[in-house]
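Hi,

Here is the structure I said I would pass on. Have a look at it first, and then read my notes below.

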Amino acid sequence: MRKQIVAGNWKMNNDLSQTKSLIDALKSKTKTSNAEVMVAPTFTNLSHASSVLKNTNVEVIAQNMHFAENGAYTGEISASMLKSIGIETVILGHSERREYFNETDELLAKKVDAALAKGMRVIFCFGEELADRKSGNEETVVGNQIKNALFHLNAASYQNIVLAYEPVWAIGTGETASPEQAQDMHAFIRKTLADKYGDNVADEVSILYGGSVKPANAEEIFSKPDVDGGLIGGAALNADDFFAIVNAF
Ligand code: PEP
């Protein structure tokens, strides 16, 4: 059985006191679905969030990490540092990292390797831009992102990989891929995995959708057979909205 996952990416939002308030609000919510729930605060609030949410049903995860173990990489954070404060999962390849910090598939392959080598779970993000979809190239773009960053991995590594399809044109724009567009792409992603690794791997990997998921559209998107959950940006900053999405399964 594939895991259902709803992960909130808080991005560069919330100082410590705002983070405390949001965590308090999350702790007051009841989960009625089977989805695994994760939240990704900023680095400065990770340690606090991780200790306060320990032993709850909300896992605290990181938004990014560097591939090196340690060394002269000013401003960066390593997998070991994340693990040392109890973080077991990291988001890699978010479109904002690709766009504003020039993260390439080749760099991301190194980050994925570093996270897996430490036994961490990776939520690997990718997705096409609007121009790619308008020109009908969305499957080629997405297929290449997956191949370039992940196809050097062996089949067993996929036990620790979660995929997140996030069409760039739907992130933070209010524009959502239709449930059918999401399903079509998720089915393509699963077939891409199946062609390389076989059905056993492809059937077990959770594929999340991200891009303007809200309480009003979550249920329909999550009802699609190849959509195993969501990576949520804006709506994850509000505990009511986030738990409405978590409970939309
Ligand atoms: C995201 O940043 O991963 C995201 C999906 O954002 P939003 O939900 O705000 O579109």
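Contacts first: counting those in the chain with a separation of 6 or more, 72% are between residues 24 or more positions apart. Do keep in mind that this is a predicted model.

As for burial, 42% of the 249 residues of the chain count as buried. The C-alpha trace spans about 45 × 45 × 35 Å along its principal axes.

On secondary structure, the chain has 11 helices and 8 strands. Its radius of gyration is 17 Å, close to the 18 Å that the globule rule gives for 249 residues, so the chain is as compact as a globular protein of that length.

Now the sheet. It is an open one, made of 8 strands with parallel pairing, and the order reads β3-β2-β1-β8-β7-β6-β5-β4. At the edges you'll find β3 (58-60) and β4 (89-92), each pairing on one side only. On average, neighbouring strands of this sheet are turned by 25° against each other, direction ignored.

Last, the ligand. It is surrounded by 13 residues, and the closest are Gly 172, Gly 210, Ser 212, Gly 233 and Gly 234. By type, the shell around the ligand divides into 7 polar residues, 5 nonpolar and 1 charged.

Cheers

Notes
Residues numbered from 1 in each chain as written. Predicted model: local features only at pLDDT ≥ 70, side-chain atom pairs only at ≥ 80, totals over all residues. Near = placed C-beta within 6 Å. Nonpolar A, V, L, I, M, F, W, Y, C, P; charged D, E, K, R; others polar. Helix = DSSP H or I, 4+ residues; strand = E, 2+ residues; numbered from the N terminus. Rg over C-alpha atoms; globule rule 2.2 N^0.38 Å. Buried ≥ 20, exposed ≤ 12 C-beta atoms within 10 Å, placed from the backbone. Contact = placed C-beta atoms within 7 Å. Pairing = 2+ DSSP bridges. Axes fitted to C-alpha atoms, helices over the stretch in contact; angles between N-to-C directions.
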